[in-house]
Every structure is written in C-alpha cells, then in structure tokens.
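The sequence and the coordinates are shown first, and the description follows.

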Amino acid sequence: MELSVFSTIPSKTEEFERTIGFDYIKTLLEPKTPFGQKYFKHLKPLSFEHIAQHLDDITLFVRLIEQSVITQEIIKEFENVVDISKSVERLKSGEVLDEVELFELKKYALVVEDICEKISGKVPKDLLPPQLLNVIDILDPEKTRLPTFYVYDTYSEELKEIRKKKRELIKLKTYDELQLAELSEQEIRLEKQILKNISARLSGYSNIIMESIEKVKYLDVIITKAKLAINCELSKPEIVNFEKDFKDFNIHIENMFNPKLKEELKSKSKNYQPVSIDIRPGVTIIVGANMSGKSVILRTVALVQYMAQLGFFVPAQRCKTIFLDSIAIIAEDYQKPLSGLSSFGSEILMINEALSKAKLSRSLVLIDEPARTTNPYEANAIVNAIVDEFENTSSYTLIVTHLDDIHSKKRLRVKGLREDIEFSSSEQPEKLIENIQNYIDYTLIESNESTVPKEAIKIMELLGINSQIIQKSKENLNIDRSRRYKDV
Amino acid sequence: MDDKSVLIQSVLNAKILAIIGLEKNTGKTETLNFIVKCLTGKKNIALTSIGTDGEEKDIVFGSPKPSVYVDEGQIYTTTEFFFKRRTVLSEILYVSTQTTPTGRLIIARACEPGKVILSGPPTTAWMKEVATYLSNIADLVIIDGALSRFSQAKPSIADSVILATGAAYSLEKREIIRHTKYVYNLCTLDVFEKQIPSEIVNSNHICTFDGREWKKTNVSSALNLQKLKEIEGGFSCIYIPGALTDSVLRTVYDKQIIVRDFTKIFISYEYFVKYRPNIKVLEKTNVIGITVNPYSPTGYLIDSESIINELRKVINIPIIDVRR
C-alpha cells in the first residue's frame, strides 16, 4: 500500500510530462506485449519498495541484454503474447469461453511456455511466469503443440461418431438433407457442452493464468526499461527513503543530460555538455546569462527525479536522490498557450499551490524566473518573499532568476559566456544561435554575489544588434552606475 | 484446349490470384467457386476477400451473398461475426488484433467441406499482409475482390487477375463489351521501358523527365491542378505517383504519362477516347482470364455467348461464362 499519493504540479500528468520532456522519453519506449503497452500508457509513480525492485531488476536485464544472454529474438518473442485478460476474468466468474477465446488462451500459453523455456536458468526463478502445462494439456488434447484450435474429436467419443457419420453422409452424391441437419444439430449441441466443460476445467487455473499475465507484464516492463537505459545511456539512481536522519540529505546529480536535446545535438554532430548539481533542502537560486541553459537545468532535474520515482534509470552519470512526495515545475509550457489568466496570474497560483504542498510534504520545487512578466521593482520584493517562505519548508527548491538582490543561503551560477573565445562579427546571427553552445560553459558554480551576471549587452553584440542600441545601452548603464555612487 | 482448361492452367501457375468484378454481382463468387472446384485436390488453396461491405450492398439488392465452397483442409479468412455463424467445422489458425467492422479477422482451416462466408481486411496494406501470411501456408491465395475496388488487384499484391463482368454492369450488351475492353486495356498497358531511379519511383512527388534526367518537382498531388500547370521546363515525360484523373489528364495529355500501375488510373472512357493518352505503368497487371455472368441482380438474363464472341475478337485470353 502506498502511504502517500505522489503528485505533480502541473497536476495534469500530460502537461507535467511535456514540460519536463518525459513525453519524448515515452516515444522511445517499445513494450512488446499488450500488457506492457497498457502499463506505459498509464504510468504511475511507484512506492519506494517497488522502485528499488525495478531498479535492481533493470540492472540485471541491462547486463543480460548487453551480454546477449537475453537476445533480440527472445525479446521479439514477447510480440506474440496476446491479451487474454478479459477471457480470464470471464473464466473466473464461471462464464463459458468461445472457440476464438480458447484459441487465444492456447496461443498465449504456448508462447509464454516457449519464452520461459528460453529464459529459464538465465533469470531468477521468481521472475519466471508459472508453468501453464495443465492449461496447454486441456486445450491441446492431440498434443500437437501447434497454436491452433477447434473442438477436437478427441474431446468426446460421441462427437467423433457424429462427425464421422456426417462426413460419410456428405460424401454420398445424394443424401437426406434432414438427416444432415439433425446430425449438425447434435454436433453443435455437443460442441457447446464441451466448451462448457473446458471452461469449467480451465477456471480452476484462472489464478495461475492471472499470475502468469502479471509476470509476463513485469518482464516486458523491465526489458523495456532496460532497453531504454541502454539506448539512452541512462544510469541507476541511488534513492533513499526519507527518515529523520536524512534531514541534511543533499540531492546529488552528476553530469545530467536532457535526452532529447542530446539527441538533437548529436544529429547535428555537436556535443552536449552535461551539468552537475547539488541541491540541499531549502532554496537554491540559479543565475546565469540568457541562453545559458538554466531552463534546461530545471527541466532536467525534474526529469531525473520523476524518472527515478517511476522506477527508471535516469539521464545522469550518477544520481543520489531521495524519495519525494511531489514534484512541482513552474515553467513555461511551450505548447500550451495561456488560457484565461495572465501569465503572471497562472504562475503565481501554481507557486501558491506548490508552497502549500511543500509545507505538508517533501517536494522538489522548480521555479523558472518567477515574476518575470511583472515590474522589476515589485518582482524583487515578491521573489524575496517566495525564497523566504520556501526556505522555511523541508523541500528542495530551485529558483531561476535574472533579478539582482535576491537573498538566499545558496546560489549557483551558470559560468556562461566563455571568456577565451573571440566572436567573429562576420558570423550570421542565426548561425550564432545555432552554435551558441560553442560559446557557453554550462557548468554550475557556487557564487556569493548577490547580483546576477551582466551579459545581456554582450549577447546583443554577439547577435549583431543595431550598434546604436548597444552604444546607448552601455551609456545608460554608466549613468546608472555613477548615479548610484553619487547616492552613496 | 478450351478456354476453361487454359484458364485453370494459368490459375495453377499463380501464387496470389485476385478476382476483380467490374461491378457488384458480376459473378465473382461463381468464378471463385468454379476455380475452387476445379483445383480441389490439386492445390492447397487459401481464400480471402476484401472487406465485408459487399454483404450490405447485397442485402440492399435483396440477393443473398452466395457463400463460397471450401473443401476439407482449405484455408479461408472471415471475421468474428461470420465465424460465429459458420456451419463448417473449422480450426482457428490466427486471430488479428486489428478489427474490421464485423470484428477481428480470423484465418481458419476447414475441417470438412462446406460453404463459408468470406470476409477480410478492408485496407490494401492489411490485405498485403494477410495475402503474404496466407501464401506462406498455402500454394495458391485467391482474393475475392469486392465492389470494383481495383486497389486489391495491385500487381504488388496479386500476381494474377481474373476480370469478372456481366449483366450486373449493364443490360446493354455493347456497354458491357465496351467497358470490359476498356478495363482490359488499362490492365495491359505497357511497362515503361527505361530504368527509373529508385528515389523517383519511391517519391510522393510528381517527377518529370526531359529526355536526359529526372527531376523531382515540389508538387505532391496531381489533383492540385494549378501547381501542376506551373511545373516548368520542357519535359516530355511525367511520373504521377497518385491518382490520374480526367482533369489531370487534360493538363498533361500531350506528355508521356507514367503511373505505378493501372489501379491509379481513374480516367473515364470518354476522356480516354478523346485524348488517346500515352500512358505507361511501372508494374503490369497479369490478366489471365475474363468471366461473364449473364444474370443481373434484378433478374434479367443476357446472351453471354455473343458477348464472349465479341470480346474474343480483340482479347486473346480465356473468356468464359461462369454459369455454364
């Protein structure tokens, strides 16, 4: 039983997953069985115990797949598994299955038996589906072990006799239609009786078939997760459960990456610079120039934590994290145009909701540039208040901001524009944006300054913005500074 | 050898045969039954049919869809709705996950002789899949094509085709002869003799040839006539991946036109006669025979013999009356 229900902000799973980029991960999953497909369609965060179990089994299967103990052929075999769960439900409640259902049940049993044969001795016994030999025997009285079915003559001597008579009758050039109809009727009646008997015998095995379905589903889920881990170079997260001793536990993520972005860069033969981060309980402010990847950091942290709680390997070289009750990400959803409320309104409502959750339970709260759409004077006051309030909770909070004078116990800065690189002004702005990662060092470093990096004008220069604007901007800055000194 | 024996000989050489009716009730099922009876014992046959929409139409006309005769051991496809009402003892070999309007597709083997109702995949892609599956377990696959849906006769699916015509198309003899000849001509259009680069063949865009090299245009559908007219350059030859319709023909009639196969041609007889276009195909359809059904669904009977004689003057393949 789950002690607490895991929740997210935005509360709509689809929105949340899109914001953190998990929708992309979902497109990479290739479950083979109808059970696995259903599982991944309605993914639910796991309990702490289940996470540990999933992660251990994924570790095992990553090894088995990499060493080709579990081959692609074996995995492909799972594609032949048919969904018989409805028929099993019907068996359990004493209903009679028809021939099509029995065919599928037989096919299921034969396919699973085949899979078991291929993987037994290679995976721990407790992962193997139970043997269904009794079920197969009922559905395969002629012991052909072929995945086909009809009401075999072998089921009843009487049926065999009737069919024989029928056949002989048809062979005659002229025969009594009435006699044939009578035989057919007897045959149908007997077939119905046999279907009833078979169903009754099978219902005794309905629990074991259910168990088989559960085991097949679990194998499919673990194999799917293991294949994702291999393909995306994910790693096993260490995850601890919250107890009092962990009050000072820091979430530690080493060299995390955003799988979608990494893939995009790879397709343009560019490198992705992974980023490491330590998040302590309370608030950490993240500052950095525009285009320095702060939003990506927030989204990726959320993705790492979410995937860990779903029992997946995570996109980082190493991750030590804690079992949490909720994840909140308050960032722009690029696909959803704001409806009704202004951007400020909906943002602040979400922050409010995140705060009330953070007070009651352990959360990861990620806020991208709060109050960015309102005036800087009030924004400064609001953000400082938000920082204070979240600092008083036991949650892990990351806030990205461009505002000066935000006071927080911990502050990280994206290193930003590389100093050693000279910008050639001849380069086209579009080209520059496309190659921006060449000019930026995405590393996060601790910072004690209360101001934010001033690189906006530098970036404007980089982009070849109107020189008058740049010149005036610089002049304005100087006036502003000298005024300040005068005031002092 | 008479036409019937020649036809059966051709059928014996086929791997996947499609029977295409020029109109509903032109005797496809009679043709099918005739062939099945002739081949019983000689070949392991699998029977399939396109969709089930034929039945609904039959109900409208009030003429019951004749069921198809299968012999013991023969394979057939049907759907759940019809399988549950079958009278022939059948072993289930395969049940699809996809569904048709009448339930999932079932492939079964008849354990005794009798009559079954065929039903099958409603789409070309699915039909290709099923036909391939069947050809792996049977020597000959016969597709009962329904309602003039020529797409099932694609050379990429069926290697041989029988055209079924008859009184259901028209009660006017001349009309039947004219239309049958026309469809036969389309089926037997010549294959384009020159090698075409594979990226052109697989492209979804209209391509042009100026005598030296192929050029891919940015026009994806020929139905966009305005764009079609704007294609520049003095080309002599045009490849149209989609439908070749009357209006498209009007725009490009003076060029050499290439289409994938005859199922892409939707030109009316009148336009064909008016423009006499030079059309070539990438894949030729192998028509091995024509069957004529003298009965119309409304109860009329026409004189099939004179039709057959008339057709024989211009068509040099077996032509038979299925009712004789």
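In this predicted model, strand β3 of chain A, residues 251-256, pairs with β4(A) in the antiparallel sense over 4 bridges. Within that pairing, A:I253 has A:I277 of β4(A) as its bridge partner. Both strands belong to an open sheet of 4 strands in chain A, whose order is β2-β6-β3-β4 and whose pairing is mixed. The edges of this sheet are β2 (238-240) and β4 (275-279) of chain A, each of which pairs on one side only. From one strand to the next, the twist averages 15°.

**Chain A as a whole**

Chain A contains 18 helices and 11 strands. Its radius of gyration is 32 Å, well over the 23 Å that the globule rule gives for 488 residues, so chain A is more spread out than a compact globule. The C-alpha trace of chain A spans about 120 × 55 × 50 Å along its principal axes. Of the 488 residues of chain A, 35% count as buried. Among the contacts in chain A between residues at least 6 apart in sequence, 78% join residues at least 24 apart.

**Helix α6 of chain A**

Which residues of helix α6(A) are buried? In this helix, which covers residues 85-92, they are A:S87, A:V88 and A:L91. These residues lie on the same side of α6(A) because they cover an arc of only 100° around the axis. The spacing can be understood from helix geometry: an α-helix has 3.6 residues a turn, so residues three or four places apart point the same way. On the other side of α6(A), A:K86 and A:E89 are exposed. The buried residues pack against three helices of chain A, namely α7 (99-119), α10 (177-203) and α11 (206-231). After α6(A) comes A:G94, which has a positive phi near 80°.

**Two individual residues**

A:D176 is located in the loop between α9 (157-171) and α10 of chain A. This residue counts as exposed because it has 11 C-beta neighbours inside 10 Å, and the cut-off for exposed is 12 or fewer.

In chain B, B:K280 is part of strand β16, residues 278-281. B:K280 is partly exposed, as 17 other C-beta atoms lie within 10 Å. Apart from neighbours within four places in sequence, B:K280 is in contact with B:L189, B:D190, B:V191, B:F192, B:Q256 and B:I258.

The table sets out one C-alpha pair for each of these two residues.

| Pair | Separation in sequence | C-alpha separation |
|---|---|---|
| B:K280 and B:Q256 | 24 residues | 7.6 Å |
| A:D176 and A:G288 | 112 residues | 94 Å |

**The contact between the chains**

How many residues does each chain give to the contact? Chain B provides 13 residues and chain A provides 10 residues. On the side of chain B that touches chain A, the elements giving two or more residues are α4 (80-83) and β5 (90-100) of chain B. The largest share of that side, 5 residues, comes from β5(B). By class, the side of chain B that touches chain A comprises 8 nonpolar, 2 polar and 3 charged residues.

Conventions. Residues numbered from 1 in each chain as written. Chains lettered and ligands numbered in written order. Predicted model: local features only at pLDDT ≥ 70, side-chain atom pairs only at ≥ 80, totals over all residues. Contact = placed C-beta atoms within 7 Å. Nonpolar A, V, L, I, M, F, W, Y, C, P; charged D, E, K, R; others polar. Pairing = 2+ DSSP bridges. Axes fitted to C-alpha atoms, helices over the stretch in contact; angles between N-to-C directions. Buried ≥ 20, exposed ≤ 12 C-beta atoms within 10 Å, placed from the backbone. Arc of directions from axis to C-beta. Rg over C-alpha atoms; globule rule 2.2 N^0.38 Å.
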